[in-house]
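Dear colleague,

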Amino acid sequence: MNKKYQVFVSSTYEDLIEERKLVSNALLESDCIPAGMELFPAANKESWEVIKSVIDDCDYYLLIIAGKYGSLGKDDSGNKCGFTEMEYNYAKSIGKPIIAFIHNDIGNIVSAKVEPTKAGKKRLERFSKKVKSNSNVKFWANPGELISNIKSSLTKLIEECPADGWIKGNEIYEISPDDNPLMLGLKKVYTNVENINYNDIIQNTKQYIDIVHIHGMTWTNSNRNALKNKLKDEDITIRVVLLDNRNIFFNPYADFIGQEGKYLNNKTAEVLDIWKAIYNEATSNGKKSGAKLFIYFHDGFPSKSLYRFDNQIISNPAVMTKSKSPMMPTVYCEKNENPNCLFNVYFDEINWLIDNSIDFIELSKK
């Protein structure tokens, strides 16, 4: 069975922006899903907890070391440590398969991308020495060599350390109770989101729809007619949760996909106008009663899109690359008697985003 594997890419950020983009593209070409620090501009305790959870969810850990040690924080024991080293230590502690790539020609790196202080240089030297002693390491001197080494090393790592990964292909896999001993409520796994008939799912929803997006322009337009029909129904409550433009991840995410922050801001404004237009169409500009519609602007981590339809939730990763693709691992789950079922996990996340939202708008008829 073919699979896609999720790989956490760990490195300092500002000095390796271009290399990280090349690595992300190389991973995608190798049927892997890149994850990492592009959306973590602020190094703080809260983001560190999110980073650990992302590493937990990844199949492999990929470390890149060049001329910078990076910003300092405090590890779980309260000791001062660089965030990249903290990521490495954590991945090591939980037994995550690791491959590391260390620059072997720091003397030729431009001064702006090298540690300026003796203390920083010493920390970088100690960290590099530790990685060389404890992990599988290859060396690089230019981006081309880095990408070549990553592709060959990752192929070997996957062969030697098979991981769970995600099912690959256009197939939909039905999961029976025998395949699901923990009773997590997982019903289907998709690898192509175009196989999901949201229109039918929306049409069959009786009471609750929750939608979590970065902005969701494509999805909202694609399902506009089905949403309009539901907005005519007084028994329906719809909660739309969008990424707020004051969120610390907002501008870094825009930069990573090759856009400016105002691009995402405009997209969010357009989506808000679309929802207003759909609601007005459904209720004849408020003359008729309709569904309860709330739009929230959240301050959380934009790692996934979530769609709740009554007792069902669909989850897929937010698009983290410049080019969109329908090929992304997506799970469809259903609420059951297990308090730890996937539905409850995702539903708690939706409610957390709403409870901690920065702002909200109610478009419902008063």
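What follows is a short account of the overall make-up and then of the enclosed spaces.

Please keep in mind that this is a predicted model. The protein has 366 residues, of which buried ones make up 51%, and its secondary structure consists of 11 helices and 17 strands. Among the contacts with a separation of 6 or more, 76% are between residues 24 or more positions apart. The accessible surface comes to about 17,900 Å², with 47% of that area belonging to carbon and sulfur atoms.

The largest cavity has a volume of about 70 Å³, and its lining divides into 7 nonpolar, 3 polar and 2 charged residues. Strand S14 (304–309) and helix H11 (342–355) each supply at least two residues of this lining, which includes Lys304, Leu306, Glu349 and Leu353, together with others such as Val212, His213, Ile214 and Leu243.

The second largest cavity has a volume of about 40 Å³. Here strand S3 (60–65) and helix H4 (118–134) each supply at least two lining residues, and among the residues that line this cavity are Ile64, Ile65, Leu124 and Phe127, as well as Thr12, Lys68 and Thr84. In this case the lining divides into 6 nonpolar, 2 polar and 1 charged.

With best wishes

Key: Residues are numbered from 1 along each chain as its sequence is written. This is a predicted model: local features need pLDDT of at least 70, side-chain atom pairs count only at pLDDT 80 or more; totals for chains, interfaces and linings use all residues. Side-chain values use heavy atoms; hydrogens and water are left out. On a 1 Å grid over the protein atoms alone, a cavity is a set of points where a 1.4 Å probe fits but cannot get out, and a pocket is an open set with protein on both sides within 12 Å along at least five of seven lines; lining residues have an atom within 4 Å of a point. Grid points are joined across faces, edges and corners, and a volume is the space filled by probe spheres set on the points. Helices (H or I, at least four residues) and strands (E, at least two) are DSSP runs, numbered from the N terminus. Ala, Val, Leu, Ile, Met, Phe, Trp, Tyr, Cys and Pro count as nonpolar, Asp, Glu, Lys and Arg as charged, and the others, Gly among them, as polar. Buried means under 20% relative accessible area, exposed over 50%, partly exposed in between (1.4 Å probe, protein chains only). Contact means heavy atoms within 4.5 Å. Accessible areas come from the Shrake-Rupley method with a 1.4 Å probe; for residues, only the protein chains shown count as cover.
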